[in-house]
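User: I would like to learn how to read aromatic pairs and their surroundings in a structure. Please give the general idea, then the case at hand.

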Amino acid sequence: DPTLANRYGVTPIYLACLTGNASIVKGLLAAGIDPNSMREGGETALMTAARTGKLEAVRVLVDAGADIEAKLPNGGQTALMWATAEGHLAVVEYLIEAGADFKQAVPSGFTPLMFGVREGHSDLVDLFLRKGENPNATIHPTGKRGYKPPKEGTSPLILAIENGHYELGRELLEAGADPNDQRSGFAPL
């Protein structure tokens with residue numbers, strides 16, 4: 001029975017996505033597993049595969065009808081956000097090509113751009129900027145989820161500096177970020 005879970009709620013589809021084994025994912029889907037199946041807490045198979053950066057497993061799930069816009073109930077992250085936070089450029093490019101919304105924000109105000117900045121993934125930040133994201137965008141929290149959201153008005157440049165990604169800060173300046181931005185209450189300098 002491919003739907004059986006162990007005592008931790010872990011199912012074969014989750015393990016296959018965690019290891020990125022596309023052929024096992026394909027076999028489980030052929031055996032009737034829902035491509036939108038999720039673990040307790042709302043983590044979908046696609047989120048797991050995207051987080052681990054296994055492009056072929058992501059493709060198999062999307063081709064089988066996995067919802068690329070599914071959100072975690074607690075936090076609102078999507079598969080695209082998970083792939084961005086982990087720095088998986090090929091998965092992020094594929095999900096955007098497949099129609100994933102790269103401009104939506106979670107309640108903390110983080111967009112995929114901000115996830116990329118926070119983690120220092122300059123290749124992903126460059127991708128989002130080339131796709132039209134604004135280097136002077138700001139975080140606008142809409143709610144709290146058990147943690148303190150970033151300060152209203154935090155820009156990618158401020159976020160890069162706060163997280164010690166100074167080279168990324170320089171790249172953001174070169175992309176047009178305002179060196180005098182004080183919307184968060186702090187100046188970049």
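Predicted model: local features only at pLDDT ≥ 70, side-chain atom pairs only at ≥ 80, totals over all residues.

User: How many aromatic pairs does a search of the whole structure find?

Analyst: A pair of aromatic rings is described by the distance of the centres and the angle of the planes. The search of the whole structure gives 2 aromatic pairs. In one of them, phenylalanine 102 and phenylalanine 128 are stacked, at 6.2 Å centre to centre with 25° between the planes. This pair links distant parts of the chain, 26 residues apart: phenylalanine 102 is in the loop between helix H6 (89–97) and helix H7 (112–119), while phenylalanine 128 is in helix H8 (residues 122–130).

User: Is phenylalanine 102 buried or exposed?

Analyst: Phenylalanine 102 counts as buried because its relative accessibility is 12%, under the 20% cut-off. Phenylalanine 128 has 0% relative accessibility, so it counts as buried. Phenylalanine 110 and phenylalanine 115 form a tilted pair, 5.3 Å centre to centre and 55° between the planes. Phenylalanine 110 and phenylalanine 115 are both buried.

User: Which ring does the charged end of arginine 39 sit over?

Analyst: The charged end of arginine 39 sits over the ring of tyrosine 14, at 4.2 Å from the ring centre.

User: With which residues is threonine 111 in contact, leaving aside its neighbours within four places in sequence?

Analyst: Threonine 111 belongs to the loop between H6 and H7. With those neighbours within four places left aside, threonine 111 contacts Lys103, Gln104, Ala105 and Glu133. Its relative accessible area is 13%, so threonine 111 is buried.

Methods: Residues numbered from 1 in each chain as written. Heavy atoms only, no water. Phe/Tyr/Trp six-rings, centres within 6.5 Å; stacked < 30°, edge-to-face > 60°. Helix = DSSP H or I, 4+ residues; strand = E, 2+ residues; numbered from the N terminus. Buried < 20%, exposed > 50% of the residue type's maximum accessible area, 1.4 Å probe, protein only. Lys NZ or Arg CZ within 6 Å of the ring centre and 35° of its normal. Contact = heavy atoms within 4.5 Å.
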